[in-house]
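User: I'd like to go through this model feature by feature. Could you show me how to read each one, with the general idea before the case at hand?

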Amino acid sequence: MSTSNTRLISIANLRRSQRLLVSVPIRVTGKLPNGVAFAEHTSTLVVNAHGALIMLKEAVQSGQVVTVQNVATEDEIDCTVIDVNSGPDGIAEIGLEFQRASPKFWHVSFPPADWSPRNPEAKHFAHDHFASLPGNPGSIKK
């Protein structure tokens, strides 16, 4: 295995929590560097127990604190902007980190740390699950 592949695997193993690609409608509020308050409706691209990746039109800066509201639940949490990258159409991709881990904020179930779709148990479960669905040619008949 090449050195770069080993490094990528090591970085992936350092993640504090599993990432999920899920779109959760949110409202982001805060103050711009000039002190003007803003509020913007957007949605998540990726979530985890420690924050999210979102797209945001407002010009926020790394280190800035913003408040994220989960629109569905109206729960709010303070976040620190940890990463700002240019995205498509001039809308920035923003990495947000909760000020304290909050795995229940998104109201989704995160897989356990050792979960992998390559795990033999996952393949067995998926095969049994889909085989038992009505109308599936390989469905299990009882």
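User: Okay, confidence then. What is the mean pLDDT of the chain, and where is confidence lowest and where highest?

Analyst: The general idea is that where pLDDT is low, the predicted coordinates should not be read in detail. Here the chain has a mean pLDDT of 79, with 65% of its residues at 70 or more.

User: Got it. How many helices and strands are there, and in which order do the elements run?

Analyst: You'll find two helices and six strands. Reading from the N terminus, the order is α-β-β-β-β-β-β-α. The accessible surface is about 9800 Å², and carbon and sulfur atoms account for 54% of that. Then there's the reach of the contacts: of those between residues at least 6 apart in sequence, 48% join residues at least 24 apart.

User: Let's zoom in on a loop. Where is glycine 87 found, and what does it touch?

Analyst: Glycine 87 sits in the loop between strand 5 (76–85) and strand 6 (92–98). Leaving aside residues up to four places away in sequence, glycine 87 touches Ala92 and Glu93. Glycine 87 and lysine 57 are 30 residues apart in sequence, with 9.9 Å between their C-alpha atoms.

User: Why does glycine 87 count as partly exposed?

Analyst: Because its relative accessible area is 21%, and buried would need a value under 20%.

User: Last one: aromatic rings. How many aromatic pairs are there?

Analyst: In general, a pair of aromatic rings is described by the distance of the centres and the angle of the planes. The count here is three aromatic pairs. One of them is phenylalanine 105 with tryptophan 106, 4.9 Å centre to centre with 80° between the planes, so it is edge-to-face.

User: Which residues form the aromatic cluster, and are phenylalanine 105 and tryptophan 106 buried or exposed?

Analyst: Phe98, Phe105 and Trp106 form one aromatic cluster. Phenylalanine 105 is buried, because its relative accessibility is 5%. Tryptophan 106 is buried as well, with a relative accessible area of 4%.

Conventions: Residues are numbered from 1 along each chain as its sequence is written. This is a predicted model: local features need pLDDT of at least 70, side-chain atom pairs count only at pLDDT 80 or more; totals for chains, interfaces and linings use all residues. Side-chain values use heavy atoms; hydrogens and water are left out. Helices (H or I, at least four residues) and strands (E, at least two) are DSSP runs, numbered from the N terminus. Contact means heavy atoms within 4.5 Å. Accessible areas come from the Shrake-Rupley method with a 1.4 Å probe; for residues, only the protein chains shown count as cover. Buried means under 20% relative accessible area, exposed over 50%, partly exposed in between (1.4 Å probe, protein chains only). Rings of Phe, Tyr and Trp (its six-membered ring) pair if their centres lie within 6.5 Å; planes under 30 degrees apart count as stacked, over 60 as edge-to-face and the rest as tilted. pLDDT is the predictor's confidence in each residue, from 0 to 100.
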